Amino acid sequence: MLTNLFKVKEIRNRILITLGLLVCYRIGFYVPIPGVNLEAFLKGLGNQEGLNKLFLMMNVLTGGRLQTATLFSLGVMPYISASIIFSLLTKVVPSLEKLAKEGASGQKKINQYTRLATVVLCLFQSMFVIFGTLNRGSTTLLHSGVSNLWGLYVIVIVFALTAGTMFVMWIGEQITERGIGNGMSLIIMAGIVSNLYPSIAGYITGGFGRDAWQNLLMFLGAWMVSVVVVVYMTKAQRRISIQQAKHTRGRRVYGGQRHFLPFKINQAGVMPIVFGSALLLIPTIFGQVTGWSGLEESFSSQRGFWFVVTYIALIFFFSFFWTSMMFQPNEIANNLKENGSFIPGIRPGKSTSQFLESTMVRITLAGAAFLSILAVLPSLLGASRSGSMDQVLIYFMSGTSILIVVGVALDMVEKLNAMLVMRNYEGAMKDADGGTAGGWGRKQG
């Protein structure tokens, strides 16, 4: 398949454009923001306790680097948040719902609103970098003279981080239009995978003793099991049989075919984990601001009882919330009734809606349990071995990041296969047309 991809000029150009834009995206993480003493800042990155650990978890989920002081520190987090907000609002606000049903023109307006909301969220989320990273009580992080103009400096940093995020958003849109598609997802995957290199390099240079080999084998085994389970759950579907009613027109009988209505087991995807991780930052930040040490200690450790219980509860809540917002059983039941289709053994209308709703509840329960296991697995695996294995490796190999990477990789493979099929179909049609025309010309001659 790889050789076929690079033989076709159009697909080869799309792949090269995608790789080039991803390289530009990675370069932005090596451009420091103004006023930062980069040498002193890099020395202080070894401390990954408390709030920094939660920042690390958000980085692994979104591909950003909240605890660094570079131009692309925010990554695509603001755009993801804005997209999620408008995805929910289109199901709640009637005017946005009407706009979404207008087709390409309506979607274009919603995309404009999403970009504007991204700018607003950048102004808010940049405060994590300013007050959570740069203003950590150490004057060596910033060059001398910056503290004298702190108000003006904050404005400059906010505009710099906002411009960096908007440029990343532009890169994602260019990958979607001129590359292999799904640009934002590819950017997230590139950010997640790039975070592995320093962790793997540090782990290898640290030497391999007996304990190191045991830890490595254990994590490799967990990684392989996670990949298999994630692929299975990503592709898993609950297929509901749909029977089309027969219609007789004259001497012909139309319809009567049997189809399937597929529902994904993990309908909410990785959204519940992202929502839960974001909300778990609030107790830690509130504890630091108010000086409530008990609250900060309970939620700053990923192995704490209250952290794990709250995390699982949030995942279950957002799984059902996201599914209820995106899945409309009444609308599906009405569409089936209008098209003359029905579920065998279920009456059209209200009974069909109730059946679909109860089915989706059971499916969502299984999907939420699957996401909860993936989310708390780093805490279970790192309970006694976190000191010997880097936290980035723990979060990646445990499954949460694999859920994102595998999902994006499967989608990318499907898109490339579709490009190859379309190219072969167009080539076959051109050959057929040319052969027909040539034969006709010879016959006429």
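Begin by selecting helix H8 (residues 150–178) together with helix H9 (residues 183–194): the two pack at an angle of about 120 degrees, and their axes are 7 Å apart. An angle between 115 and 145 degrees is neither roughly perpendicular nor roughly antiparallel, and that makes H8 oblique to H9. Keep in mind as you go that this is a predicted model.

Now show the side chains where these helices touch. On the H8 side, pick Val168, Met169, Ile171, Gly172, Ile175 and Thr176; on the H9 side, they meet Gly183, Met184, Leu186 and Ile187. Colour this contact of H8 with H9 by class and you will get 7 nonpolar residues, 3 polar ones and no charged ones.

**Next stop: H12 and H15**

Select helix H12 (residues 271–279) and helix H15 (residues 305–326). Their axes come within 8 Å and cross at roughly 130 degrees, so H12 and H15 are also described as oblique to each other. Turn the view to look through the pair, and you can check the hand of the crossing of H12 and H15: it is right-handed.

For the contact itself, H12 supplies Met271, Pro272, Ile273, Phe275, Gly276, Ser277 and Leu279, while H15 supplies Tyr311, Leu314, Ile315, Phe318, Ser319 and Trp322. By class, the contact of H12 with H15 comes to 10 nonpolar and 3 polar residues, with no charged residues.

Finally, switch to a cartoon view and find the open sheet of 3 strands, which run in the order S4-S1-S5 with antiparallel pairing. At the edges are strand S4 (258–264) and strand S5 (341–342), each of which pairs on one side only. Then select strand S1 (residues 237–244), which pairs with S4 in the antiparallel sense over 7 bridges. To look at one of these up close, where does Gln243 find its bridge partner? Go to Arg258, the partner of Gln243 in S4. With backbone atoms displayed, remember that strands of a sheet pair through backbone hydrogen bonds.

Methods:
Residues are numbered from 1 along each chain as its sequence is written. This is a predicted model: local features need pLDDT of at least 70, side-chain atom pairs count only at pLDDT 80 or more; totals for chains, interfaces and linings use all residues. Side-chain values use heavy atoms; hydrogens and water are left out. Two strands pair if DSSP finds at least two bridges between them. Helices (H or I, at least four residues) and strands (E, at least two) are DSSP runs, numbered from the N terminus. Axes are lines fitted to C-alpha atoms, for helices over the stretch in contact, and angles run from 0 to 180 degrees between N-to-C directions. Angles under 35 degrees count as roughly parallel, over 145 as roughly antiparallel, 65 to 115 as roughly perpendicular and the rest as oblique. A crossing is left-handed if the near helix is turned anticlockwise from the far one by less than a right angle, and right-handed if clockwise. Contact means heavy atoms within 4.5 Å. Ala, Val, Leu, Ile, Met, Phe, Trp, Tyr, Cys and Pro count as nonpolar, Asp, Glu, Lys and Arg as charged, and the others, Gly among them, as polar.
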